Amino acid sequence: MDYRKAEINDIKTLVAFRKQQLLDEGEVPKKNIDSELTRYFEKFLTEESLIQYVAMDGSEIVATGGVHFYLYPPSYSNPTGKTAYIASMYTLPAYRGKGIATAILRILIDEVRARSYKRIRLFASNQGRPVYEKLGFKDTPGFMKIDL
């Protein structure tokens, strides 16, 4: 398996994976969100406030995961306010259980460390929870987090 940063020409696949992730999490599609998702990925990938990785099996994208970088108001437990948010983790069903999501998550954590961020948050689906727990994420009210 090869891993690389997502590029603008990957957006069509990122949109499809995000929509499937939402369906897998039980959301009901009420309207077409392709244009909104396309604008989202274009904007944040270009600004580099989102780093999205893809796992490649040959020339096919089989999994993805991203990390957003933003600032919260400083707190005693996070004086810089720098917070990263893991989102859009998705693996095609035929590739699940092979450690691909874990590998992407490790890459994302390395990106967070490289930017000197100390806190990562995420919302975990029931399917994803074991992956996050394995790498040290803990439950807190409303989300999971890890302090680096």
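Asp 34 and Lys 19 form a salt bridge (a side-chain nitrogen of Lys or Arg within 4 Å of a carboxyl oxygen of Asp or Glu), with their closest N and O atoms 2.5 Å apart. The pair links distant parts of the chain, since Asp 34 lies in helix H2 (residues 34-47) and Lys 19 in helix H1 (residues 11-24), 15 residues apart. Helices (H or I, at least four residues) and strands (E, at least two) are DSSP runs, numbered from the N terminus. The model is predicted: local features need pLDDT of at least 70, side-chain atom pairs count only at pLDDT 80 or more, and totals for chains, interfaces and linings use all residues. Residues are numbered from 1 along each chain as its sequence is written, and side-chain values use heavy atoms, with hydrogens and water left out.

**Salt bridges**

- Nine salt bridges are found in a search of the whole structure.
- Lys 5 and Glu 111 are joined through their side chains in a salt bridge of 3.8 Å, N to O. This pair spans 106 residues, from Lys 5 in strand S1 (residues 2-5) to Glu 111 in helix H3 (residues 100-114).
- Asp 24 is paired with Arg 96 in a salt bridge, with 3.1 Å between the closest N and O atoms. Asp 24 belongs to H1, whereas Arg 96 sits 72 residues apart from it in the loop between strand S4 (82-91) and H3.
- A network of salt bridges links Arg 119, Lys 145 and Asp 147.

**Accessibility of the paired residues**

**Packing of H1 and H2**

- H1 packs on H2 at an angle of about 120 degrees, and their axes are 9 Å apart. Axes are lines fitted to C-alpha atoms, for helices over the stretch in contact, and angles run from 0 to 180 degrees between N-to-C directions.
- The contact (heavy atoms within 4.5 Å) includes Lys 19 and Arg 18 of H1 and Asp 34 and Phe 41 of H2.
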